[in-house]
Amino acid sequence: VQLQASGGGLVQPGGSLRLSCAASGSIFSINVMGWYRQAPGKQRELVADIDSDGTTNYADAVKGRFTISRDNAKNTVYLQMNSLKPEDTAVYYCNARGRNSAYAAFASWGQGTQVTVSS
């Protein structure tokens with residue numbers, strides 16, 4: 001299962017960006033889709049995730065500013081990021097966990113997309 005992320009870029013503080021990540025391949029089901037980020041010199045951390053019934057989970061640092069959603073028909077997850085701060089600058093990675101068409105479990109990562117918040 002492959003993940004293709006898009007939507008990163010450079011934005012001023014207070015601005016917005018929307019990330020998208022589409023899963024493709026031999027997919028039977030996707031249980032959880034999520035976004036992680038890694039800033040220079042820091043460990044990768046969970047930003048938000050969403051399971052197949054729409055239950056969401058957010059890091060405290062992004063609650064109230066970021067919204068995760070998914071389109072199950074398109075196997076796509078989105079991250080709407082509002083009120084961006086310089087500390088949100090990082091490479092953002094999407095992640096998906098589920099079962100492929102052979103019913104084997106998979107956990108896949110996207111290639112990462114750079115988000116830079118700077119004036």
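Q: Is R37 buried or exposed?
A: R37 counts as buried because its relative accessibility is 7%. Buried means under 20% relative accessible area, exposed over 50%, and partly exposed in between, with a 1.4 Å probe and protein chains only.

Q: Before we continue, what are the ground rules?
A: This is a predicted model, in which local features need pLDDT of at least 70 and side-chain atom pairs count only at pLDDT 80 or more, while totals for chains, interfaces and linings use all residues. Residues are numbered from 1 along each chain as its sequence is written, and side-chain values use heavy atoms, with hydrogens and water left out.

Q: Which side chain meets that of R37 at 2.8 Å?
A: That of E45, in a salt bridge (2.8 Å, N to O). A salt bridge is a side-chain nitrogen of Lys or Arg within 4 Å of a carboxyl oxygen of Asp or Glu. E45 is partly exposed, with a relative accessible area of 39%.

Q: And what about D88?
A: The side chains of R37 and D88 also form a salt bridge, at 2.9 Å from N to O. R37 lies in strand β4 (residues 27-38) and D88 in the loop between β8 (76-81) and β9, so this pair ties together parts that are 51 residues apart in sequence. Strands here are DSSP runs (E, at least two residues), numbered from the N terminus. D88 is buried, with a relative accessible area of 0%.

Q: Which residues make up the network of salt bridges?
A: R37, E45, R65 and D88 are linked in it.

Q: How many salt bridges are there in total?
A: The count comes to four. One of them joins the side chains of D60 and K63 (3.1 Å, N to O), and D60 is exposed, at 64% relative accessible area.

Q: Changing topic, where is the disulfide?
A: The structure holds one disulfide, a pair of cysteine sulfur atoms within 2.5 Å. It joins C21 to C94, with 2.0 Å from S to S. C21 lies in strand β3 and C94 in strand β9 (residues 90-100), so the link ties together parts that are 73 residues apart in sequence.

Q: Are those cysteines buried or exposed?
A: C21 counts as buried at 1% relative accessibility, and C94 counts as buried at 0%.

Q: What stands opposite C21?
A: A5 stands opposite C21 in β3. Strands β1 and β3 (residues 17-24) pair in the antiparallel sense over five bridges; pairing requires at least two DSSP bridges between two strands.

Q: Which residues form the two faces of β1?
A: In β1 (residues 2-6), L3 and A5 form the covered face, and Q2, Q4 and S6 the uncovered one.

Methods:
Helices (H or I, at least four residues) and strands (E, at least two) are DSSP runs, numbered from the N terminus.
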